[in-house]
Amino acid sequence: MFAPGPLAAGSAVNDALTGLADDELLIGHVLTSVAGWGPELEINIALSSMGQDEIGHARRLYALVAGADIERMVYERPAIEFRASPLARTCPVEWELLLARQFLYESAADARAAVLAHSDVGELATLVTEMQHEERYHLDFWLTWLRTTAGRSADTRDRVQRALDQMWPLAAASFLPGRAAAVEEGLGLPDGALARARDMWLSQTHAACEELGLRLRDGNPDPQLDRLEEMLGEMRSVYQTAPGRW
Amino acid sequence: MTSSAQLKETSARQVEPWQDLSDDYRAAATRMIEFHMMSEIVGPVHEFRWVPRAPSLQAKLVFAAKSQDEVGHGLMLMRVCQDLTGKSRAEYMEQILDGPPRFMNIFHYPWDEWVDPAIVAWLIDGAEIERQATLLRSSYGPYARAMRKILKEEGFHHHCGRYLIGQMMAGTREQRAAVQRGVDRWWLRTLAMFGPRDENSKHGPKLMAYGLKFAQNEALRQSWLTKFVPQIRAVGLEVPDDNLAYDGETGRWTYTEPDWQEFSSLLRGGSPVGAELQRELRQARGISAWLFSED
Amino acid sequence: MTYLRTFEVFRQKAPGDAHVHVGEVEAPDAATAMVLAKEHFARREVCCSLWVADRSDVLASQWDPEVFDAGRAKAYRRSGGLRTSSGAPS
């Protein structure tokens, strides 16, 4: 059973929540950064907002697993201890890749949150419920832009399709935490709740794409898309000059 | 056509772009607001190089929010300029990315350390508040309206800078020394930013006559000194100017003059640093340009 | 024809308030304009609802302010401007 405060390192629940926090941190890192370089000023403002939301979520999730040790989790923990999902380890800059990645990430996060909000771990359920308000907008944002981008011309739809081809194999491997049964038990969730959420996400995401003339095609994940170490290196480059004093 | 005398008379009620404005007024407003817009669009390139490297989660959030605001300011001023001149977004972006570098002097210097964006937020956004507060009355209505939102956010930026500097000043001896070196680097640039004394300013008198701007450059600089010299000293930093003195009788500061030749050459001819900002932004926008390109 | 269109944005602070014009965003369509308007105009400000309207659907009046003043100049439209025939306020 989950207890408030630092969890037993290596427990299934600890790993799962650390993974969620890592995902939100990396997604937030990319969105706040890319907000200077996106396609248009209006979009950049929204990218930064969503990135700030995600970093805020990461901070609160880290507090659940690490108590007061949040900064260490972000700025000092060895890369090998990160539990981030394959999708969150990518660092997309091009609009079509960002769009594909975020649409898949946000729709999965939405489906997962619907389950986690019913955890009998009060702190987690409260946090997830609050996160859902922000995630609702995120998903609307990306779904709206997916429609507009893919719907403009055959050329723009092809671009989005190629981006989905890159991101989908990573996303498909990203939904479930390791040792899902133990996580469900630790969080007081019904047996198989996460797998059922994944199935629903799969069918909804396939349907949403189909409606736009897009397909989610299986393929092999490209290991070169894993940019975790590079992102952590940049994130920590100032911190490392005077650890712990910022 | 509205004569300048009429305009001055009617500036109390502010004018709108669809009204019958004289070519001269339109040209003066365009020059002033385009300069401000380009500063708010090109300047953040410096900041966004540092957003991913912010050294704490709090700094990351604060600095992301600050640089995001700057993008919003660029957008609002872009909208003001577009409605004033009828140019499209694409035309303005081309002008900004490929045209002459008409933006503030501070963006023509390198921001090579984390203290640089922090000092600019603290000292220079603090200075912008002084100037922009006077622009709330600007005779060009859309500009005055944009300034309301911009001004509120600049207040946050100043505090953001104070926070980041405060964190470093509470750190190691090396961190404090780095902040001091930063203040040394930025002092004269900041004084110069207000522009030359008004008798030497080329466009100032006309802008004042049109009610587009109100405050004299030197008056703004003086009021900034009054506010910031004590602030700088209060956090344990030195003001790097041996000639700095306050005359209690005249209520004025004397100070070492910035290099005005350098200032005007930056504003007129640009710099390698400024050109690099334009190039970097052009390259970034180019990556996703297909999204909005005309068929 | 440009791909980006200008959308006027209106913000409602609290239920019961009017939607007030706050500025513009440029977007390909109304749906994208809406998701952009939210963060540009309502990330810091109090807001409970937004409208976006294509600028090309807005008609702006071309009358000088004096044309509007003329309506307000009619004393009989104001309660304080009414007098009975004996001169007493009604």
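Me: What percentage of the 90 residues in chain C is buried?
Reply: The model is predicted, and burial is judged by counting: a residue is buried if 20 or more other C-beta atoms lie within 10 Å of its own. Among the 90 residues of chain C, the buried share is 20%.

Me: What radius of gyration does chain C have?
Reply: The C-alpha trace of chain C spans about 65 × 35 × 15 Å along its principal axes. A compact globule of 90 residues would have a radius of gyration near 12 Å. For chain C, however, the value is 21 Å.

Me: What pattern do the helices and strands of chain C follow along the sequence?
Reply: Chain C contains 2 helices and 3 strands. Read along the sequence, these elements give the pattern β-β-α-β-α.

Me: In what order do the strands of the open sheet in chain C stand?
Reply: Strand E1 (residues 5-12) of chain C pairs with strand E2 (residues 20-27) of chain C in the antiparallel sense, over 7 bridges. E1(C) is also joined to strand E3 (residues 49-54) of chain C, again antiparallel, by 6 bridges. The 3 strands form an open sheet in the order E2-E1-E3.

Me: Which strands of chain C stand at the edges of the sheet?
Reply: The order of the open sheet in chain C is E2-E1-E3. An edge strand here has a single partner strand, so one side of it is left without a neighbour in the sheet. The strands of chain C in this position are E2 and E3.

Me: What radius of gyration does chain A have?
Reply: Chain A has 9 helices and 0 strands, and its C-alpha trace spans about 50 × 45 × 30 Å along its principal axes. Its radius of gyration is close to what the globule rule gives for 246 residues, so chain A is as compact as a globular protein of that length. The value for chain A is 18 Å.

Me: What share of the contacts in chain A with a separation of 6 or more joins residues 24 or more positions apart?
Reply: Buried residues make up 51% of the 246 residues in chain A. Of its contacts with a separation of 6 or more, those between residues 24 or more positions apart account for 74%.

Me: Is Ile55(A) buried or exposed?
Reply: Ile55(A) is found in helix H2 (residues 41-66) of chain A. The cut-off for a buried residue is 20 or more other C-beta atoms within 10 Å. Ile55(A) has 24 such atoms within 10 Å, and therefore it is buried.

Me: Which residues of chain B are in contact with Ile55(A)?
Reply: Neighbours within four places in sequence are left aside here.

Me: Which element gives the largest share of the side of chain B that touches chain A?
Reply: The contact takes 33 residues from chain B and 35 residues from chain A. Elements of chain B that give two or more residues to it are helix H3 (44-50), helix H4 (57-85), helix H8 (173-193) and helix H12 (272-287). The residues on this side divide into 19 nonpolar, 10 polar and 4 charged. The largest share, 13 residues, comes from H4(B).

Key
Residues numbered from 1 in each chain as written. Chains lettered and ligands numbered in written order. Predicted model: local features only at pLDDT ≥ 70, side-chain atom pairs only at ≥ 80, totals over all residues. Contact = placed C-beta atoms within 7 Å. Helix = DSSP H or I, 4+ residues; strand = E, 2+ residues; numbered from the N terminus. Nonpolar A, V, L, I, M, F, W, Y, C, P; charged D, E, K, R; others polar. Buried ≥ 20, exposed ≤ 12 C-beta atoms within 10 Å, placed from the backbone. Pairing = 2+ DSSP bridges. Rg over C-alpha atoms; globule rule 2.2 N^0.38 Å.
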